[in-house]
Amino acid sequence: QVQLVESGGGLVQPGGSLRLSCAVSGSIFSIMGWYRQAPGKQRELVAVIFRGGSTDYADSVKGRFTISRDNAKNTVYLQMNSAKPEDTAVYYCKARSIVGGYEYWGQGTQVTVSS
């Protein structure tokens, strides 16, 4: 079965750093990405990465966040630097399978940026 499990969320101070991980299993994925949803707001795209390594970011996180993937380990990461309170949200991992083109979501991990 296809499974996406996020980890690494927690509390971080403004200006601090945090790294989220998403371990995937059950398929090979062409596109993987991170989304986030703050209380009372719509879920939004944070970053995406293609299997070849190309990336794209939301304007709000450019220069601060870095998405990467380790195909051998079937894991995608989100390195969060210079964290801001407005980064507080539940972060979700999303992946699209090469076979069939199906899309899957992880359960989410809470990130809170506060002093």
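Ala, Val, Leu, Ile, Met, Phe, Trp, Tyr, Cys and Pro count here as nonpolar, Asp, Glu, Lys and Arg as charged, and the others, Gly among them, as polar. The model is predicted: local features need pLDDT of at least 70, side-chain atom pairs count only at pLDDT 80 or more, and totals for chains, interfaces and linings use all residues. Residues are numbered from 1 along each chain as its sequence is written, and side-chain values use heavy atoms, with hydrogens and water left out.

View 1. A cavity is a set of points, on a 1 Å grid over the protein atoms alone, where a 1.4 Å probe fits but cannot get out; lining residues have an atom within 4 Å of a point. Grid points are joined across faces, edges and corners, and a volume is the space filled by probe spheres set on the points. The count comes to 1 cavity of 30 Å³ or more. The largest cavity has a volume of about 50 Å³. V24, S27, I28, F29, M32, R51, R69, D70, N71, N74 and T75 line it. Strands β4 and β7 each give two or more residues to this lining. By class, the lining divides into 4 nonpolar, 4 polar and 3 charged residues.

**View 2. N74, one of the cavity-lining residues.** N74 sits in the loop between β7 (65-70) and β8 (75-80). Strands are DSSP runs (E, at least two residues), numbered from the N terminus. Phi of N74 is near 55°, a positive value in a residue other than glycine. N74 counts as partly exposed, at 30% relative accessibility. The classes are buried under 20% relative accessible area, exposed over 50%, and partly exposed in between (1.4 Å probe, protein chains only). Neighbours within four places in sequence aside, N74 is in contact (heavy atoms within 4.5 Å) with C22, A23 and V24. V12 lies 62 residues from N74 in sequence and 26 Å from N74 in space, C-alpha to C-alpha.

View 3. S82 is not a glycine, yet has a positive phi of about 50°. S82 lies in the loop between β8 and β9. Its relative accessibility is 40%, so S82 counts as partly exposed.

**View 4. The largest nonpolar core.** A nonpolar core is a set of buried Ala, Val, Leu, Ile, Met, Phe, Trp, Tyr and Cys residues joined through side-chain atoms within 4.5 Å. Of the 27 residues in the largest core, L20, M32, W34, V46, V76, L78 and Y91 touch the most other members. Two or more residues each come from β3 (18-25), β4 (29-37), β5 (44-50), β7, β8, β9 (89-97) and β11 (109-113). Residues up to four places away in sequence aside, L20 touches S7, G8, G9, W34, V76, Y77, L78, M80, Y91, T109 and V111.

**View 5. Aromatic pairs.** Rings of Phe, Tyr and Trp (its six-membered ring) pair if their centres lie within 6.5 Å; planes under 30 degrees apart count as stacked, over 60 as edge-to-face and the rest as tilted. The structure holds 3 aromatic pairs. Y92 and W105 pair edge-to-face, at 6.5 Å centre to centre and 80° between the planes. Y92 lies in strand β9 and W105 in strand β10 (residues 103-105), so the pair ties together parts 13 residues apart in sequence. Y92 is buried, at 14% relative accessible area, while W105 is partly exposed, at 37%. Ring pairs link Y35, Y92 and W105 into a cluster.

Key:
Helix = DSSP H or I, 4+ residues; strand = E, 2+ residues; numbered from the N terminus. 1 Å grid on protein atoms, 1.4 Å probe; cavity = no way out; pocket = protein on both sides within 12 Å on 5 of 7 lines; lining within 4 Å.
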